[in-house]
Amino acid sequence: MKIQKILNILTLLTGAIAITVISLWIGKQAYSWLPPQAAAESLLIDDLISFLVTLGAFIFLGVTSTLMYSVIFHRAVKDDFTDGPPIEGNVTLEVVWTAIPILLVFWIASYSYQVYEQMGIQGPSEMVHLHNPLGMQSAYADPKDTAANALAEPVEKIDVLAKQWAWVFHYPERDITSTELHLPSDRRIRLALKSQDVLHGFYIPAFRLKQDIIPNHAIDFEFTPIRPGKYRLTDSQYSGTYFATMQANVIVESPEDYQQWLAQAATQKPSPAKNQAAAEYAQTSHQSVQTGWVTVPPAAPPLVNSPG
């Protein structure tokens with residue numbers, strides 16, 4: 001009997017270790033399920049997602065393994081149709097399986113809040129007053145990396161106007177307007193988000209950032225790009241018939257290339273930008289067969305120095 005008890009304990013420990021190792025491996029795989037990490041904030045978000053995947057895999061494998069073990073080793077023998085033992089409540093067990101989920105929820109909530117604080121994203125300036133914590137440096141993979149000095153650099157300020165259905169980016173220091181969002185790498189970016197008409201959603205998957213843009217409110221939104229490349233900005237909120245066309249390129253480049261682009265764009269005269277929503281609306285309005293659907297006419301194509 002004593003030997004059997006020891007074997008049961010060893011089986012439990014072996015199973016727990018195996019489940020833990022497999023869960024950690026699955027959590028590491030979660031990083032490959034996501035777009036490239038193009039902003040400092042994405043590192044924090046990916047760590048949080050990996051943690052949640054690891055925790056979820058551990059719970060799933062633990063419950064599934066317990067069920068399979070019970071079915072294989074504790075099933076009734078053949079032709080045994082007798083009732084099981086009349087087991088009633090177990091206070092200790094009920095307390096344990098109530099306390100563990102509560103502690104897990106508090107753990108997840110605490111970790112999520114720490115990530116939110118470290119990201120230092122600003123909310124509506126009229127309603128919320130959040131600080132940019134110095135803990136932002138923990139968002140970088142390597143503190144010795146050049147990105148670790150981003151907070152010491154001047155903040156790049158860009159105005160963002162969302163309207164049905166176009167993104168317009170204005171760089172006030174050079175008085176340049178573009179339909180592409182150009183950003184310097186390893187520099188803190190502060191966007192002033194505004195909506196001309198309805199609710200829009202500023203969402204860049206590679207940055208793991210999303211912010212709703214509320215009409216009649218100016219919203220400050222900060223982040224730090226760290227990986228040069230071309231990414232995609234989309235409208236995450238349904239804003240009307242052509243909202244799917246409300247996309248824009250996000251170009252992250254070195255500070256030198258960024259300054260060169262600003263200088264080049266400053267030499268160009270403003271001209272109407274290409275607007276897919278306006279083009280599709282004009283095309284449907286000339287069709288011989290009218291559907292009768294009520295459609296909001298798109299805003300006029302913006303005048304920009306750099307149409308992209």
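Arg-208 sits in the loop between strand S6 (200-204) and S7. The model is predicted, so local features need pLDDT of at least 70 and side-chain atom pairs count only at pLDDT 80 or more, while totals for chains, interfaces and linings use all residues. Residues are numbered from 1 along each chain as its sequence is written, and side-chain values use heavy atoms, with hydrogens and water left out. The protein has five helices and 12 strands. Both kinds of element are DSSP runs, numbered from the N terminus: helices are H or I runs of at least four residues, strands are E runs of at least two.

**Overall figures**

- Of the 308 residues in the protein, 35% are buried. Buried means under 20% relative accessible area, exposed means over 50%, and partly exposed lies in between, with a 1.4 Å probe and protein chains only.
- The accessible surface comes to about 18,800 Å². Carbon and sulfur atoms hold 63% of that surface. Such areas come from the Shrake-Rupley method with a 1.4 Å probe, and for residues only the protein chains shown count as cover.
- Take the contacts between residues at least 6 apart in sequence: 71% of them join residues at least 24 apart. A contact means heavy atoms within 4.5 Å.

- Arg-208 has a relative accessibility of 13%, so it counts as buried.
- Its phi is near 60°, a positive value in a residue other than glycine.
- Arg-208 is in contact with Asp-46. Tyr-31, Leu-34 and Gln-37 also touch Asp-46, leaving aside neighbours within four places in sequence.
- Asp-46 belongs to helix H2 (residues 40-73). Asp-46 counts as buried because its relative accessibility is 2%.

**The open sheet**

- Five strands make an open sheet in the order S4-S10-S9-S6-S7, with mixed pairing. Strands pair if DSSP finds at least two bridges between them.
- Strand S4 (181-184) and strand S7 (209-213) are the edges, each pairing on one side only.
- Neighbouring strands of this sheet are turned by 20° against each other on average, direction ignored. Axes are lines fitted to C-alpha atoms, for helices over the stretch in contact, and angles run from 0 to 180 degrees between N-to-C directions.

**Strand S10 and its partners**

- S10 is largely enclosed by the rest of the structure, because six of its seven residues are buried.
- S4 and strand S10 (residues 247-253) run parallel and are joined by four bridges. Leu-181 has Val-250 as its bridge partner in S10. Pro-184 has Glu-253.
- Strand S9 (residues 229-235) runs antiparallel to S10, with six bridges. Here Tyr-231 stands opposite Val-250.
- Helix H4 (residues 255-266) lies across S4 and S10, at about 140° to S4.

**Core and aromatic rings**

- The largest nonpolar core has 43 residues, and Trp-167, Phe-202 and Phe-207 touch the most other members. H2 gives the largest share of this core, five residues. A nonpolar core is a set of buried Ala, Val, Leu, Ile, Met, Phe, Trp, Tyr and Cys residues joined through side-chain atoms within 4.5 Å.
- The whole structure holds 12 aromatic pairs. One of them, Tyr-171 with Trp-261, is edge-to-face, at 5.3 Å centre to centre and 70° between the planes. This pair links distant parts of the chain, 90 residues apart: Tyr-171 is in strand S2 (residues 166-171) and Trp-261 in helix H4. Both Tyr-171 and Trp-261 are buried.
- Phe-221 and Phe-223 form a tilted pair, at 6.1 Å centre to centre and 55° between the planes. Phe-221 is buried, as is Phe-223.
- Rings of Phe, Tyr and Trp (its six-membered ring) pair if their centres lie within 6.5 Å; planes under 30 degrees apart count as stacked, over 60 as edge-to-face and the rest as tilted.
- One aromatic cluster takes in Trp-167, Phe-202, Phe-207, Phe-221, Phe-223 and Tyr-231.

**Backbone exceptions**

- Most residues other than glycine have a negative phi, and most peptide bonds are trans.
- Asp-175 has a positive phi of about 55° although it is not a glycine. Asp-175 is in the loop between S2 and strand S3 (176-178). Its 55% relative accessibility means Asp-175 counts as exposed.
- The peptide bond from Gln-164 to Trp-165 is cis, with omega near -5°. Trp-165 is placed in the loop between strand S1 (156-163) and S2.
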